[in-house]
Amino acid sequence: MKEDSLPAWFLGPHAENAELLERLVTEALRDHVFWRRNYHPEDGFTIRETAKHKEGYEQAVATLTQELMGLLAELKRGVPFFSGRYKGHMSFEQTIASQIGYFAAMLYNPNNVAVEASPVTTRLELDVAAQLARMIGYDPQRSWGHLTSGGTVANFEALWIARNIIYLPVAASGAAEALGVSLDVARPDGSRAPLGELSLWELLNIPNDGVLDLWDALWCSAPRADVKRALQEHSLSDLGYQDYARRLARAFGDPLPASVVLVAATAHYSWEKIVRALGIGANQLVFIPVDDHFRMDTGALWERVRSLATRRQPVLACVSVCGSTEESAVDHLDEVLEVRARAERELGVTFHVHSDACYGGYAAAVTWRADGTRRPAGEIRTSVGDAWPSDAWVRAMEALARADSVSIDPHKLGYVPYPAGAFLLRDRRGRDLVAVDPPYLLPTQTLDSAPELFLGRFIFEGSKPGAAAAAVWLSHKVLPLDERGYGYLVERTVVGARRLYAALAEADLAPFRIVLLPEPDINIVCYVVHHPALTTLEATNALNERIYEQMSLSQPGATPPYIITRTRLRSPVYDGAMGSVLDALGICTMEQWKCSDDGLVVLRSTVMDPFAAEPPPAPDHVTGFVAALRGACDVVARRDDLLTN
Ligand SMILES: Cc1ncc(COP(=O)(O)O)c(C=O)c1O
């Protein structure tokens, strides 16, 4: 059944479903036209038929038509994401459902900043968020989420809220004193203590749930206006870092210790932007090294948490990755959460755990049956017909339910048009810590009873496309977030990636050699090409750069038969994954790698094409790819001085 549905999900590499899409586009357009015609028909016509025969009108239509033709011609120089030949960045074409959902809603141009500008699509957005929340195992009644322009903003919101949560007890302590109320709070070991008796270090280590309970208790302790005023005098988001630190020095004899954000070494570069933008500072971003499969080394995480605790440096958040940008590695989030639980027990230290599942989040759909129960790892392996996924992978996916927040991008493995990221928060109360009410969008009765319909008050962005919500919503209707829909889609890409991995492992490119990095956790295959004439990292990097140039759109006007990307892995954070790769390359020792500033250039093939593992007559883009790689090596060998000097 799902096998039969797959061909209906996309327009197709040769627009095989063009008639279907055209029919649906026409339907959506005509329906919108009827809507307009029936909206106050008594108004009559503004643009009259006679106006259409005027010279200026005809000129405007001619310009529009001509310029559109020009634009259409230009657009064909775009990237062929729809083709199995595209194995570059994490992009593929979009589902027909999302394209038509976007198109249909775009004609209405709803703005999901507030329900009064988007009576339909704000609700669709909240539906979509609840569906994603359910997919990761959150309780939709307790959690909250919404769409963003992408992963960067979703990640930003996670750290924005995490920062406000971690600092709230300090503000609450000052506010409670000013209000003359006494409150107590839960500590990492589960005990409760009066807020006023805690040291600055203890205040900065209150567990997430404890902080949010404290927030509720504070608002109940005095009239709202008084609490608001008291918080304004003490909270970081009102005072800003400088004033806040000055006050802390006065109150506790201790300026605000620099808090750090722990991130997996594979973390996307958005995290650096975010810590800079939030005033946390790029120096406070601490990279936790990877293990031999590019997953966060949780042993190293524990050691780092311990040494930070010794220095009394608070941890704002720990960011674990589910589907790393370069390798699609899935951190063992269950172990990350175990490190936090141990830190709470043994060190009195806690922090917000965020999962950056911008890429891999949709893979959680693999773990669900249609009836809403979980699929054990063995059952998934049987249906995939392969050794994937491991039990540990499934445990990591199931652990998403326990992360404090998660970001997932529908515009990546959700196959919907840009812009569509999503931010999910396990405990919806956290959104109140960043809420702002604008005077021109005052809450109404509806909003008072359903405040979530006024998204703008809780999110970083303002105006935002309701069309994106319609796109995701319709796509989720056609492809459910379980084994029948997105789960199947992701599975097919994994099978395709594993076929490519096996084909590269067996390929004979003599005298060139392919050194594969570990098997991917999802669908990004990484490898390095080597030639016996090359004996240094620098030369091997240069070879791989040249192959990349042959197989990418990096050169203007290039039309490579297959398209890949490349990245550069560096010491020390990638040391854990380099042992077997360096052994296989045989060009340098671990010590030499550690001393090299160059790092290792790695070629990347992202397999988001769900047809990659289809049997004939589907085109075989695995064999084709290996042949293209061989061709690129031959071109480099013929043209290049690198291998002869
Ligand atoms: C793991 C991860 N997080 C965050 C992002 C940022 O997403 P966006 O480009 O949608 O802002 C990316 C983008 O590739 C990513 O791979």
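Start by selecting strand 1 and strand 9 (residues 421-425): they pair in the antiparallel sense over five bridges. Strands here are DSSP runs of E of at least two residues, helices are runs of H or I of at least four, and both are numbered from the N terminus. Two strands pair if DSSP finds at least two bridges between them.

This is a predicted model: local features need pLDDT of at least 70, side-chain atom pairs count only at pLDDT 80 or more, and totals for chains, interfaces and linings use all residues. Residues are numbered from 1 along each chain as its sequence is written, and side-chain values use heavy atoms, without hydrogens and water.

Stay on strand 1, residues 144-148. Five of its five residues are buried (under 20% relative accessible area; exposed is over 50%, partly exposed in between; 1.4 Å probe, protein chains only). Now pick Trp 144. Its bridge partner in strand 9 is Leu 425.

Next, select Asn 155 in helix 6 (residues 151-179). Asn 155 counts as buried because its relative accessible area is 1%. Show side chains. Asn 155 makes a polar contact of 3.2 Å with the side chain of His 354 and one of 3.0 Å with that of Asp 356. A polar contact is a pair of N or O atoms within 3.5 Å; within protein, one must be able to donate a hydrogen and the other to accept it, and residues adjacent in sequence count only if both atoms are side-chain atoms.

Last stop: Asn 205, in the loop between helix 7 (200-203) and helix 8 (208-220). Its side chain reaches the backbone oxygen of Trp 201 at 3.0 Å.
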